[in-house]
Amino acid sequence: MANSIEILNMAIGLMVKSVVLAAQFSGRVRKRNLKRLSKMNIDEKDKEILFLRETVDQLKMQIHILQKGLKKKATNNRYTLGEKLYILHYVETFQIARHRVGEYLGIARSTYYRWLRSIEEKSRKVMPANKTPAEVAALVWEVAKANTDWGRVRIANQLALLKIFIAGSTVRNILDRPRWFHPQRFSRPLYGTS
């Protein structure tokens, strides 16, 4: 029994000693870093200060998002659009890996990907990718009206010289549309007139 108490006392003493040694070591490292900073020239110090301020800003934003997340979980509310955008902004600004969003912000990866997908879907609803812009259609109509003997391929080649690349079939489709689509509804010309 006396042996086990001695061993326990020695073990506790060693643990306390190791904690003290670790604290002393970290204090020395901190002091060494402060001395290194004091020996730096002013430009290097400014760079270090900027880096540290950026890190502090990142951590403040992360804490803010985590605190909001805790409040949301307590009340079972959904994130508002502003909060979602704030989180998306944080992730993109500080280049947080998308698979680590849960670690950093307490948001499920699937939720984050769902937010991204909904934003992409909303942006796609604005104009389909294969839709010819109205300005290009107006330009095709103007070129065709000014040069009545040109065919669809020649119109497409002339537009290619202006770095507007469309196919001859697209020119044909634009010119085959009903007359109500005629671009006279545009109030200003697309290029300067002399």
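The buried residues of helix 7 pack against helix 6 (134-146) and helix 8, where contact means heavy atoms within 4.5 Å and buried means under 20% relative accessible area, exposed over 50% and partly exposed in between (1.4 Å probe, protein chains only). Helices here are DSSP runs (H or I, at least four residues), as strands are (E, at least two), and both are numbered from the N terminus. This is a predicted model, in which local features need pLDDT of at least 70 and side-chain atom pairs count only at pLDDT 80 or more, while totals for chains, interfaces and linings use all residues. Residues are numbered from 1 along each chain as its sequence is written, and side-chain values use heavy atoms, with hydrogens and water left out.

As for the overall fold, the protein has eight helices and zero strands, which gives the pattern α-α-α-α-α-α-α-α along the sequence. Of its 194 residues, 21% count as buried. Among contacts with a separation of 6 or more, 53% come from residues 24 or more positions apart.

Back to helix 7: its buried residues are I155, A156 and L159. Looking down the axis of helix 7, these fall within an arc of 100°, so they line one face of the helix; the arc is that of the directions from the helix axis to the C-beta atoms.

How do the two helices meet? Helix 7 (residues 152-161) and helix 8 (residues 168-175) pack at an angle of about 110°, with their axes 8 Å apart. Axes are lines fitted to C-alpha atoms, for helices over the stretch in contact, and angles run from 0 to 180 degrees between N-to-C directions. Helix 7 and helix 8 are therefore roughly perpendicular to each other (65 to 115 degrees; under 35 is roughly parallel, over 145 roughly antiparallel and the rest oblique). On the helix 7 side, the contact is made by R152, I155 and A156, and on the helix 8 side by G168, S169, V171, R172 and L175. These residues divide into four nonpolar, two polar and two charged.

The loop between helix 7 and helix 8 holds K163. Its phi is near 65°, a positive value in a residue other than glycine. With 66% relative accessibility, K163 counts as exposed.

Elsewhere, Q58 lies in helix 2 (residues 42-75) and is buried, with a relative accessible area of 19%. Leaving aside neighbours within four places in sequence, Q58 is in contact with Y90, F94 and I96.

Definitions and conventions
Nonpolar A, V, L, I, M, F, W, Y, C, P; charged D, E, K, R; others polar.
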